[in-house]
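The sequence and model come first.

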Amino acid sequence: QVQLVESGGGLVQPGGSLRLSCAASGSIFKIYAMGWYRQAPGKQRELVAVVTSGGSINYADSVKGRFTISRDMAKNTVYLQMNSLKPEDTAVYYCNADDRTVAGVWGQGTLVTVSS
């Protein structure tokens, strides 16, 4: 019974920054990894960044060097710091938790729009 709540999306100009937050509650001890995915209209959902319970981190090539995923274990929260944003970063961003179930757990999504 893990639950995820995302926040921090909004409108930002190209080159700007946003920080997304994802707070987890429930059976936190079951979470193996948490990550961020994004999906633009008409496009396939893609992995943006993931961090495991052991601290291993992976990024999509398209965001490497610009985005940073981090976690605050005391708050059961994972963050995505997004810098040097580009129009192609525009998407709905979803937090995901791998709790070792088949489907995993998903947040409700938060919209990030990068535009002048």
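## Terms and model

Relative accessible area sets the exposure classes: buried is under 20%, exposed is over 50%, and partly exposed lies in between (1.4 Å probe, protein chains only).

The model is predicted: local features need pLDDT of at least 70, side-chain atom pairs count only at pLDDT 80 or more, and totals for chains, interfaces and linings use all residues. Residues are numbered from 1 along each chain as its sequence is written, and side-chain values use heavy atoms, with hydrogens and water left out.

## Aromatic pairs

The whole structure holds two aromatic pairs. Rings of Phe, Tyr and Trp (its six-membered ring) pair if their centres lie within 6.5 Å; planes under 30 degrees apart are stacked, over 60 edge-to-face, the rest tilted. The ring centres of Y94 and W106 are 6.5 Å apart and their planes meet at 85°, so this pair is edge-to-face. Y94 sits in strand β9 (residues 91-98) and W106 in strand β10 (residues 105-106), 12 residues apart. Strands are DSSP runs of E, at least two residues, numbered from the N terminus.

W106 is partly exposed at 32% relative accessibility. Y94 is also partly exposed, at 21%. Ring pairs join Y37, Y94 and W106 into a cluster.

## Charges over rings

A charge sits over a ring if NZ of Lys or CZ of Arg is within 6 Å of the ring centre and within 35 degrees of the ring normal. R45 lies over the face of Y94, 5.9 Å from the ring centre. R100 lies over the face of Y32, at 4.4 Å.

R100 belongs to the loop between β9 and β10. Its relative accessible area is 59%, so R100 is exposed. Its phi is positive, about 70°, although R100 is not a glycine.

Terms used: Helices (H or I, at least four residues) and strands (E, at least two) are DSSP runs, numbered from the N terminus.
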